[in-house]
Protein chains: 2
Amino acid sequence: MVEPKSSRQRSKTQDQHIYEEIFDAILEQRLWPGTRLKEESLGEIFGVSRTIIRRTLSRLAHERVAVFEPNRGAFVAEPDISDARQILDARRLMELAIVERVAERASSIKGEFKKLYDLIEQEHKSSAAADKGTAIRLSGEFHLELARLSGNKPLEGFLHSLVPQTSLIIALYQAKEGSRCAIDEHSRLLDALKLGDAEEAKCLMGEHLDHIEERLALDESPGNRNLAKVFGRRAEKAGA
Amino acid sequence: MVEPKSSRQRSKTQDQHIYEEIFDAILEQRLWPGTRLKEESLGEIFGVSRTIIRRTLSRLAHERVAVFEPNRGAFVAEPDISDARQILDARRLMELAIVERVAERASSIKGEFKKLYDLIEQEHKSSAAADKGTAIRLSGEFHLELARLSGNKPLEGFLHSLVPQTSLIIALYQAKEGSRCAIDEHSRLLDALKLGDAEEAKCLMGEHLDHIEERLALDESPGNRNLAKVFGRRAEKAGA
DNA sequence: GACTGACAAATTGTATACAATCTACCTATC
DNA sequence: GATAGGTAGATTGTATACAATTTGTCAGTC
């Protein structure tokens with residue numbers, strides 16, 4: 001039997017729901033960097049007042065996934081190249097620390113690996129169905145679930161902010177399309193983790209992150225930037 | 001000549017001001033873990049409506065320095081022993097990464113070390129004046145300034161959340177009084193950093209954190225806990 | 001035609017009103 | 001006296017009204 005939730009308990013989960021909708025849209029790259037997040041529009045979409053939307057946006061802003069421009073409202077963040085380097089540097093630090101901790105705890109959390117295998121399987125399916133958005137999101141969720149299994153809530157929280165920011169960086173700076181290898185990398189990483197092999201797991205995670213970064217064009221010289229992306233984004237904005 | 005700020009620009013800095021007042025009060029241990037943060041009272045103190053206070057509290061809640069209890073309001077966080085271990089673990093990871101990055105950049109940010117020396121000097125003065133609260137806060141600010149000099153904004157942000165949380169942990173679990181050595185540790189760390197000696201700096205930071213943790217009573221068995229603290233806190237609450 | 005200024009519309013920022021909920025106290029009952 | 005129930009007051013949660021600001025448009029001027 002389901003507990004009859006009071007209207008205010010319901011609203012708390014609704015808050016979370018709105019947040020996750022926007023979060024997922026960013027992970028799936030349906031929401032492009034720079035997109036304006038108009039409070040009233042979002043309020044109408046989700047059937048709540050601006051108060052609630054504003055709280056959600058403030059959470060996203062705190063996680064640096066959105067930014068508030070004074071008197072102009074909230075926008076999906078557009079990390080510049082310097083931001084991108086810092087974010088990826090921080091993410092590497094976190095991810096290595098996380099796999100280290102998961103490997104250490106491997107024997108005591110054996111039952112909890114199931115969700116990771118499920119995520120990999122779903123990733124395979126989405127990839128086979130050429131559902132790129134879902135595949136990207138699931139890849140992010142794999143990393144977030146790993147963070148949860150680290151048993152360290154602050155680290156989990158930090159990664160929760162870094163994963164969508166990485167998604168924005170990929171949207172802005174990815175030069176080459178991603179090969180299908182990412183899923184296999186997740187698989188091999190998980191195998192090493194189950195064995196509690198911290199060194200191997202850290203090595204695999206490091207390579208995994210290398211592969212993500214290799215596909216980015218993060219040099220300062222504007223000449224090397226992908227012009228199609230630059231103008232493509234303008235076109236996207238105008239069309240929306 | 002000072003720009004005449006509009007009322008809304010002023011309000012933005014006011015926001016920051018309220019946040020810092022509460023943040024500092026926690027660093028200086030004037031605000032004890034578990035203290036209720038009543039919205040209307042804070043609004044009267046700072047001369048703003050609950051809307052503004054609520055935004056500040058929500059920021060503190062994101063940083064895990066405050067917690068919202070549904071329909072009961074916000075309280076200063078009370079990390080339990082498990083939380084404390086995770087926070088200190090995360091903090092060590094961050095601090096070591098930060099000194100590594102500061103040491104790497106040492107030659108290119110030479111002019112920026114001045115503030116750190118100033119902070120150490122102020123720490124000495126507060127310590128000499130037996131102004132314990134200020135001394136603790138300045139110690140925290142030293143670590144935050146270090147984080148700023150790392151040149152990595154995400155890492156700086158994470159540490160900004162971990163420093164006040166550490167303050168709460170010390171308030172709750174410190175068994176032995178801190179010796180005066182901490183300031184000298186900051187001095188020696190800074191010397192190593194200026195020379196760009198990353199290994200030495202990391203070693204010193206590791207020891208510095210060891211010393212903080214050594215003074216805590218973080219074992220699970222309740223019998224070993226400081227009973228005076230447990231009941232002292234109740235008395236404090238009732239008296240407030 | 002390009003530029004400036006002013007007005008109108010749209011949007012955000014803040015305060016406040018109202019509803020939902022919790023807390024404390026009091027009373028009735030055993 | 002202890003306990004359950006119920007009412008009043010205090011407090012939070014949400015929506016909304018209003019003020020401040022920005023943005024877009026359109027005359028008017030050069």
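I began with the charge pairs and found 40 salt bridges over all chains of the structure. I kept in mind that this is a predicted model.

Next I picked out a few pairs. In chain A, E69(A) forms a salt bridge with R72(A), and their closest N and O atoms are 3.1 Å apart. I noted E69(A) as partly exposed because its relative accessibility is 34%. R72(A) is partly exposed too, at 44% relative accessibility.

I then turned to E213(A), which forms a salt bridge with R92(A), again with 3.1 Å between the closest N and O atoms. I liked this pair, since it links distant parts of the chain: E213(A) sits in helix α9 and R92(A) in helix α4 (residues 81–105), 121 residues apart. E213(A) has a relative accessible area of 29%, so I put it down as partly exposed. The 22% of R92(A) makes that residue partly exposed as well.

K125(B) is exposed at 55% relative accessible area, while E121(B) is partly exposed at 44%.

I also logged a network of salt bridges that links E28(A), R30(A), R137(A) and E141(A).

Last, I checked symmetry: a 180° rotation with 0.0 Å of shift along its axis superposes chain A on chain B, RMSD 0.0 Å. The two copies are therefore related as by a two-fold rotation axis. F158(A) is the residue of chain A that comes closest to the axis, with its C-alpha at 3.5 Å.

Note on methods
Residues are numbered from 1 along each chain as its sequence is written. Chains are lettered from A and ligands numbered from 1 in the order in which they are written. This is a predicted model: local features need pLDDT of at least 70, side-chain atom pairs count only at pLDDT 80 or more; totals for chains, interfaces and linings use all residues. Side-chain values use heavy atoms; hydrogens and water are left out. Copies are superposed by least squares on the C-alpha atoms of residues with pLDDT of at least 70 in both. A salt bridge is a side-chain nitrogen of Lys or Arg within 4 Å of a carboxyl oxygen of Asp or Glu. Buried means under 20% relative accessible area, exposed over 50%, partly exposed in between (1.4 Å probe, protein chains only). Helices (H or I, at least four residues) and strands (E, at least two) are DSSP runs, numbered from the N terminus.
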